[in-house]
Amino acid sequence: MTVIWERSLWVIGAIVLFWGIGAYNRVMLLRNEIGKAFAQLDEALTRRATLGESLLLHLRERLPSEQASIDALAAAQADATTAAQWVRAKPHAADPIAQLAITSAVHGAALTRLISLVEHHSELVSDAELYGIVDELKLVDRQRAFARQVFNQSVQNYNEAVRQFPTRVLVSFFGFSESRSL
């Protein structure tokens, strides 16, 4: 009788061990997917920052009356770049993502303001190079929106896995926590 109980305990222990390994690997896979999705988003954010710098260079001399808007974009761009660097280290961590969401929104608003200024100044609309930058910024913004959706879907999949029982017990044991979407 004790041999049967002993074997049963070994079988149950093996099942729990293999389940734990599988659950851990699944959560790690989903967390790595967040990193891959952020890499796509980061590419769009970096391209937007580069184009924003080009826009700033073109507009500093041509719109001296709008220096406050130009400075606001430069400051927002610096903050967004810093936040993106912070997220690169841990794209699954909630605090850096929250900071990036805030700085990205401020940066987008400042960029939209300058683009609308360019579109309302007839002497700037005729500049083909400047208008090319504006068109490319609009394209990059659409790409960024798509990459953001992919990132948010990856975060949602990860968070659902983290919340499920009994994986939730394992997750708390290994220190996993929920991520945040943008």
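Mentor: Start with two helices. Helix α1 (residues 2-62) packs on helix α3 (residues 94-120) at an angle of about 40°, and their axes lie 11 Å apart. Helices here are DSSP runs of H or I, at least four residues, numbered from the N terminus. Axes are lines fitted to C-alpha atoms over the stretch in contact, with angles from 0 to 180 degrees between N-to-C directions. This is a predicted model: local features need pLDDT of at least 70, side-chain atom pairs need 80 or more, and totals for chains, interfaces and linings use all residues. Residues are numbered from 1 along each chain as its sequence is written, and side-chain values use heavy atoms, without hydrogens and water.

Now the contact itself, meaning heavy atoms within 4.5 Å. From α1 come F38, L45, R48, G52, L55, L56 and L59. They meet L100, S104, H107, G108, L111, L114, I115 and V118 in α3. These residues divide into 10 nonpolar, four polar and one charged. Asp, Glu, Lys and Arg count as charged; Ala, Val, Leu, Ile, Met, Phe, Trp, Tyr, Cys and Pro as nonpolar; the others, Gly among them, as polar.

Look at R48, in helix α1. R48 is buried, with a relative accessible area of 3% (buried means under 20%, with a 1.4 Å probe and protein chains only). Leaving out residues up to four places away in sequence, R48 touches S104, H107, G108, L111, L137, V140, D141 and R144.

Technical notes:
Buried means under 20% relative accessible area, exposed over 50%, partly exposed in between (1.4 Å probe, protein chains only).
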